[in-house]
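Subject: Structure handover

Hello,

Here is the structure I promised to pass on. Please open it first, then read my notes below.

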Amino acid sequence: ANEIRQKAISATITRARKEYPGHTAVIFNDLDNGTRVEFEPDARFESASLVKLVILAELYRQFQIGDRTPEELVVLLESQKMGGSGSLKDAKEGSQHSLKSLAEAMITESDNTATQMLTDLMGRQKIQDGARALGLSGITLERDIFDFAAIDKGHDNYITANDAAVFLHQLARQELPGSQQMHEILERQKRNDMIGKDFPSGVRVAHKTGELDGILHDAAIVYAPRGNFILVCLSDQVSDKEAAKKIWASMALEILKIYSEPSPSPTPAVTTSPAG
C-alpha cells in the first residue's frame, strides 16, 4: 500500500513541477512510515521568511536553558522597523513587547520588525550556530531580514529543502526545546494560500511561508486522516506568482486526498493448490 501511495505522490509532484513557472525543490516525507519523495533536496534557495524558523528555534532554546523568559520585554527602536509583512512597523518607538508576542508575530504574520528585534537580541551568529547544532547544514544567516543591499555584496540567507524537512521532522517528533509551543505557533499561521488552502477544516497544518521577488516557499507538517507528513515546497525564478501559488495549493490538496482515502489494497496473490 505504501508503494502505491508513494507512486501517486511522486506523480502528483512531478506534474506540479512541470507546470510550475519557476525552479522548484520539493520534499514529501511520511512521518509514520518514513516514505520519502524528493526532488532537488540539496539545491540552495534564498530562504526569505523560512529563516524565521531557526530564529524561533534559537529563542525557544534560550527559554529552555533559562537565558531568557517568554515574558521578557524588549523595547522597539525606530531602526528596527522593517517594511513588508507585519503590523509592528506601525507600533510606537520605545513601546515594549514580550518575547512571546514577538515570536507569535514573526511566525503567524511573518512580521519583519519582530524578526529584526529578535535577531538583534540574540545575534545572527548565535542563531546560525543553533541551526548548525540542529544539523541544518545548508542554512546561512548572513544578512538582516530586510537588508537587500547585503545581497549585492554577496551576503545572503540560504536554505535547502532538506534543511526545512529536517527541522520540521524534529519539531513534529518533539525533539526540539519548546517543540510543543513552536508547533502551536506554526499552526496559527495566518497565511494559508498555498499548503492548507481549501483543506477540510479538521486537518491540522503547522507551516511557514516565505516570499520575496521571484521566490515562493511553503514548508509544512500536515496531519491527515490516514497519516501525518511533511511537505516542503521551495521555488525561485518564479515568473507568475498567482499561477505558482495555485499550483502549490492544488498539489498539496491532491497529496492530502491520497492521505484521506482508505489504503489501496494490493492485488491478492493467486494461490495454487499444492500438487498431489
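A residue is called buried when its relative accessible area is under 20%. By that cut-off, tyrosine 20 is buried. Tryptophan 248 is buried as well. Please keep in mind that this is a predicted model.

First, the overall picture. The chain has nine helices and nine strands. Its radius of gyration is 20 Å, close to the 19 Å that the globule rule gives for 276 residues, so the chain is as compact as a globular protein of that length. Along the principal axes, the C-alpha atoms fill a box of roughly 90 × 40 × 35 Å. Of the 276 residues, 52% count as buried. The accessible surface comes to about 12,500 Å². Carbon and sulfur atoms hold 49% of that surface. Now take the contacts with a separation of 6 or more: 65% of them join residues 24 or more positions apart.

Next, the sheet. Five strands make an open sheet, in the order β2-β1-β9-β8-β7. The pairing is antiparallel. Neighbouring strands are turned by 5° against each other on average, direction ignored. Strand β1 covers residues 23–30, and four bridges join it to β2.

Then the aromatic rings. The count comes to five aromatic pairs.

Tyrosine 20 lies in the loop between α1 (2–19) and β1, while tryptophan 248 lies in helix α9 (residues 241–258), so the pair ties together parts that are 228 residues apart in sequence.

Phenylalanine 28 and tyrosine 259 also form a tilted pair, at 5.6 Å centre to centre with 55° between the planes. Phenylalanine 28 is in strand β1 and tyrosine 259 is in the segment after α9, so this pair ties together parts that are 231 residues apart in sequence.

Best wishes

Note on methods:
Residues are numbered from 1 along each chain as its sequence is written. This is a predicted model: local features need pLDDT of at least 70, side-chain atom pairs count only at pLDDT 80 or more; totals for chains, interfaces and linings use all residues. Side-chain values use heavy atoms; hydrogens and water are left out. Two strands pair if DSSP finds at least two bridges between them. Helices (H or I, at least four residues) and strands (E, at least two) are DSSP runs, numbered from the N terminus. Axes are lines fitted to C-alpha atoms, for helices over the stretch in contact, and angles run from 0 to 180 degrees between N-to-C directions. The radius of gyration is taken over C-alpha atoms; the globule rule is 2.2 Å times the number of residues to the power 0.38. Buried means under 20% relative accessible area, exposed over 50%, partly exposed in between (1.4 Å probe, protein chains only). Contact means heavy atoms within 4.5 Å. Accessible areas come from the Shrake-Rupley method with a 1.4 Å probe; for residues, only the protein chains shown count as cover. Rings of Phe, Tyr and Trp (its six-membered ring) pair if their centres lie within 6.5 Å; planes under 30 degrees apart count as stacked, over 60 as edge-to-face and the rest as tilted.
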